[in-house]
Amino acid sequence: QIAGAVHVWIGADTTTPEDATTTTDTGINSETPNPPAIVTATANAIVLAIGASTEVDVPTAPTNYENLIEDQVAGAISNIMMASRAIASPATENPGTFGRIAGANTDSWCAATVAIRALAGLAGHGLLLSHTRNKLVLVA
């Protein structure tokens, strides 16, 4: 099973595209991905909350996040999700959990939080989401 989700952002800094070190977390015996906190370094960063779970419910984005993309394959017990939030001033951002995922205590999940740095010349304009794609593919 291979899962992928893509956001394409226009206006990212090409020298230092990541605004902070990516943070990751995993959980067993629970079903809800919980992307960990990240500390942004510059104004107008975009924070991506990313998660995957063995529970195939259709998720909702963490509170105050938008641009949710998600996909599930019930027979393969796979679920992937990603959402974004603009952060106006450098700060600690904790996305919180994705919603509407209810499963069994035998489920597991993984999550990451990524911060994208805006190009310096775009001050006040931020980054622009160009398009999104998501796909789950069963590999035999």
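How many salt bridges does the structure hold? The structure holds two salt bridges (each a side-chain nitrogen of Lys or Arg within 4 Å of a carboxyl oxygen of Asp or Glu). This is a predicted model, in which local features need pLDDT of at least 70 and side-chain atom pairs count only at pLDDT 80 or more, while totals for chains, interfaces and linings use all residues. Residues are numbered from 1 along each chain as its sequence is written, and side-chain values use heavy atoms, with hydrogens and water left out.

**View 1. The salt bridge of R117 and D19.** The closest N and O atoms of R117 and D19 are 2.8 Å apart. R117 lies in the loop between strand 8 (108–116) and strand 9 (128–137), and D19 in the loop between strand 1 (2–10) and strand 2, so the pair ties together parts that are 98 residues apart in sequence. Strands here are DSSP runs (E, at least two residues), numbered from the N terminus. Both R117 and D19 are buried, where buried means under 20% relative accessible area, exposed over 50% and partly exposed in between (1.4 Å probe, protein chains only).

**View 2. The salt bridge of E93 and R85.** The side chains of E93 and R85 meet at 3.2 Å, N to O. E93 is buried, with a relative accessible area of 9%, whereas R85 is partly exposed at 27%.

**View 3. Strand 6 and its partners.** Eight of the ten residues of strand 6 (residues 78–87) are buried, so this strand is largely enclosed by the rest of the structure. Strand 4 (residues 45–53) pairs with strand 6 in the antiparallel sense over nine bridges, pairing being counted if DSSP finds at least two bridges between two strands.

Key: Helices (H or I, at least four residues) and strands (E, at least two) are DSSP runs, numbered from the N terminus.
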